[in-house]
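Here is a quick tour of a two-part set of notes, one for each chain. Have the sequence and the 3D view open as you read.

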Amino acid sequence: MNKKADLFMPMFVLTSFIVFALLFYTISSTNAKRNDIIGASSISLIKIYDEAEKVLFYIDESSRLSFDSAYNTLANNGGYYSNDDCDNINGYLIINHCKSDFSPYDNFKKLFSDEMNSYTKLYRSSYSEFKPEDITLSSTFTFFGFIPEEVKPNSEFSYKSLLEKPVQNLQISYLDFKDNKLNIIYSDVKLNVEPVRSSALASSYYIIHPKFSADVDDFNIYNNLYSSIAVNCINKEFEVCNQVLSSQYSGIKLENLNPIVKLTLPLKYSTINMAFDNSKPLKQLELFTSS
Amino acid sequence: MLGKKGADFGMGLTMIPSIIILIIILTFYIFLFFVWGFGNSPDLIIKSDAYSDSSKILVLINTPLGSSTLSELISDNVDNKEEIKKLEPDITSLIKSLPVPPNKNAFWNFIVSKNDEEILAIRESTLGASDYYKQSINIPLKDRSLLNMELYLNCNNCNEEDLALI
């Protein structure tokens, strides 16, 4: 028997097996390393626009709730932030028994900001992260160390939490009352586009500029009312005070509980409730802070 | 044994097993590359179900019902079951107006929940159907909790072409 020829066929079979195995490995490991998922970048962009719409909606809803609460609290407190440092009678805050200054604009801003922060801190995104389909044998190659393992960040540093943080840290950049309208501009919200495979986080982003506006009563009414009380009611007869204020403000109701006077002034969007001690002076008019 | 002049390939002990093994190897790789399609470039085109936009739920919750929007009505009355119940016919007619794949058993479902407890659910589904185009949104409530609203299409035997029509 020809021993060299005898080895030819087994060697041919073995070589074939090795060549096919190498081909198999080369194709599969190359495919596993591929990161150009067609359409993924476009989808990420569309998804971030979508997320931005939801963020704007959330901020708008939070602003609406915060505004309602802050505006009514301010009116119920007669322009003060809270009744903690003021005496009150039947829930009516006695404005000349307050330690803090009368500053309805600043108090509204503080009340609104507190309310807004309590809502934005709650924000949770409903964004669904991209989950690419596993390529055949990619986990096997990862297991044997042929391709690096993809390390997933913990929830604190997940992509979703990165979307939530700019909303949770939202600040008021500008707040103003003009022409019976409240205008608020918030800090910019920068939303990073979701990285797909090899693209780096923050390589592209989308910035939104949230705003809010609402119809309000003339905010100067607080200062005018305070001024009118100081001039026409302090150390004056109740009848004189009642007559002057009634002529100046339609719908105003005063109740004399000597020496305290309770006052209710219904406006278009709120009702101002306050009380004052007509035997005690109000703080100087110069202390008024207006927008 | 075959002739000795130039035709001796060692058709002895190793020839037949080698051919059998070669056939097995070739069959295996033919199956791998041609039947299973392993040699083809993998389908790395993103599938439509990887993404569903939230345009429909945003439009739905911003729809005015009287002087308020749907989301305002739900969030302002979230603890008032009777008021929420009153909204059901309006919401049902709204979601019935959303497009569905033609000639399919398909229904839009709308679920509102707070702390995983359902506040409002308008569900309609068929046996063996799947859910598509899931879209959800969280909105704040006065009591500092979150209200989750979810909209999805329940469709029986829907394929990508059917879904592309809506």
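This is a predicted model: local features need pLDDT of at least 70, side-chain atom pairs count only at pLDDT 80 or more; totals for chains, interfaces and linings use all residues.

## Helix α6 of chain A

Tyr222(A), Leu225(A), Tyr226(A) and Ile229(A) are the buried residues of α6(A), buried meaning that 20 or more other C-beta atoms, placed from the backbone, lie within 10 Å of a residue's own. They sit on the same side of α6(A), because they cover an arc of only 100° around the axis; that arc is taken over the directions from the helix axis to the C-beta atoms. Their packing partners are α3 (104–120), β9 (260–266) and β10 (271–277) of chain A, with contact counted when C-beta atoms, placed from the backbone, lie within 7 Å. Helices (H or I, at least four residues) and strands (E, at least two) are DSSP runs, numbered from the N terminus.

Residues are numbered from 1 along each chain as its sequence is written, while chains are lettered from A and ligands numbered from 1 in the order in which they are written.

For the complex, the predictor gives an ipTM of 0.75 and a pTM of 0.79. Chain B has a mean pLDDT of 84, with 84% of its residues at 70 or more; pLDDT is the predictor's confidence in each residue, from 0 to 100.

## Domains of chain B

Chain B splits into domain 1 (14–41) and domain 2 (54–164), with bounds from an automatic or database domain assignment. Taken over C-alpha atoms, the centres of these two domains of chain B are 54 Å apart.

Now for some loops. In chain A, the peptide bond from Asn258(A) to Pro259(A) is cis, with omega near 5°, and Pro259(A) is found in the loop between β8 (253–257) and β9.

Asn180(A) isn't a glycine, yet its phi is positive at about 55°. Asn180(A) lies in the loop between β3 (172–178) and β4 (181–186) of chain A. With 12 other C-beta atoms within 10 Å, Asn180(A) is exposed, the cut-off being 12 or fewer.

Arg144(B), also not a glycine, has a positive phi near 65°. Its place is the loop between β5 (130–140) and β6 (146–155) of chain B, and Arg144(B) is exposed, with 12 other C-beta atoms within 10 Å.

Note on methods:
Two residues are in contact if their C-beta atoms, placed from the backbone, lie within 7 Å.
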